[in-house]
Amino acid sequence: MKIVATIEARMNSSRLPGKVMLRSQGKTMLEHLVVRLKSVEVIDEIILATTLNSLDDILKQEAQRLNIKIYRGDEENVMKRVILAAEMAAADIVVETTADCPILDPKIVQRSIDIFKVSSCDYVSNIMPATYPDGMAVQVFGLATLRKSYGLTKDRLDLEHVSLHMRNNPNLFSQVNFTAPPNMYWPGLGLTLDEKLDFDLIDKIIQEFGITDETFSCEQVVRFLKSNPSLIVNNSVLRKGNS
């Protein structure tokens with residue numbers, strides 16, 4: 001069973017255009033995420049699922065530099081884009097991630113895959129309800145399951161948010177959600193890259209840990225920010241729904 005991590009990314013973000021190419025400690029935000037996913041040994045391949053928009057030509061170059069595959073498809077139909085990207089990589093199991101989660105904890109990714117393997121369910125996530133900090137979201141499902149979901153919906157929101165249809169139909173798709181242990185429970189903490197204030201915080205976190213440990217954990221981040229609450233400058237940022 002081939003396990004493929006997909007990364008949804010585009011340059012044309014409405015709130016912070018070009019955010020995935022912002023740099024911290026010499027690496028783009030996309031590179032930080034790729035380094036983390038590459039450290040998860042059970043992931044066989046990583047593929048960037050981006051768009052045909054010419055603005056995303058730079059992401060093609062970045063994917064080539066990072067030695068990961070790239071698929072370019074429909075800007076609005078993200079669900080189809082992820083399916084075709086996963087098919088291009090010959091995936092059996094899809095680990096869905098987004099480039100606006102540049103410091104996603106590899107251990108959380110590994111845990112999600114482990115649960116999927118032993119649970120015999122259709123869909124595994126840690127977002128129903130969210131208990132980890134925002135920015136630690138990961139979702140795992142079979143490519144066949146995603147194809148089935150796609151065949152059952154034409155709703156615009158479902159097509160925009162890849163796994164929304166699965167999440168909203170537990171009668172059709174068996175689901176497991178895992179929750180954060182107490183030392184990582186902080187659903188109100190924003191570690192996603194949506195606005196400039198988010199970058200300011202993520203940049204500070206990477207500066208704190210990134211020189212010595214490129215795959216620092218969610219637990220380390222939570223401990224660091226609880227000891228330095230003045231660094232949390234992005235409490236005012238409003239979050240959209242998970243993908």
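Biologist: How many aromatic pairs does the structure hold?

Modeller: Four, in this predicted model. One of them is Y123 with F141, whose ring centres are 6.3 Å apart with the planes at 10°, so the pair is stacked.

Biologist: Where do Y123 and F141 sit in the chain?

Modeller: Y123 is in strand β7 (residues 123-125) and F141 in strand β8 (residues 139-142). The two are 18 residues apart, and the pair links distant parts of the chain.

Biologist: Y123 and F141, buried or exposed?

Modeller: Both are buried. Another aromatic pair, Y132 with F178, is edge-to-face, with 6.0 Å from centre to centre and 75° between the planes.

Biologist: Which parts does that pair tie together?

Modeller: Y132 is in the loop between β7 and β8, while F178 is in the loop between β9 (175-177) and α8 (196-209), so the pair joins parts 46 residues apart in sequence. Y132 and F178 are both buried too.

Biologist: And which residues do ring pairs link into a cluster?

Modeller: F209, F216 and F224.

Biologist: Switching to helices. At what angle do α3 and α5 pack?

Modeller: About 150°, with the axes 10 Å apart. That angle is over 145°, so α3 is roughly antiparallel to α5. The crossing is left-handed.

Biologist: Which residues meet there?

Modeller: From α3 (residues 78-88), M79, K80, V82, I83, A86 and E87. They meet L143, L146, R147, S149 and Y150 of α5.

Key
Residues are numbered from 1 along each chain as its sequence is written. This is a predicted model: local features need pLDDT of at least 70, side-chain atom pairs count only at pLDDT 80 or more; totals for chains, interfaces and linings use all residues. Side-chain values use heavy atoms; hydrogens and water are left out. Axes are lines fitted to C-alpha atoms, for helices over the stretch in contact, and angles run from 0 to 180 degrees between N-to-C directions. Helices (H or I, at least four residues) and strands (E, at least two) are DSSP runs, numbered from the N terminus. Angles under 35 degrees count as roughly parallel, over 145 as roughly antiparallel, 65 to 115 as roughly perpendicular and the rest as oblique. A crossing is left-handed if the near helix is turned anticlockwise from the far one by less than a right angle, and right-handed if clockwise. Contact means heavy atoms within 4.5 Å. Rings of Phe, Tyr and Trp (its six-membered ring) pair if their centres lie within 6.5 Å; planes under 30 degrees apart count as stacked, over 60 as edge-to-face and the rest as tilted. Buried means under 20% relative accessible area, exposed over 50%, partly exposed in between (1.4 Å probe, protein chains only).
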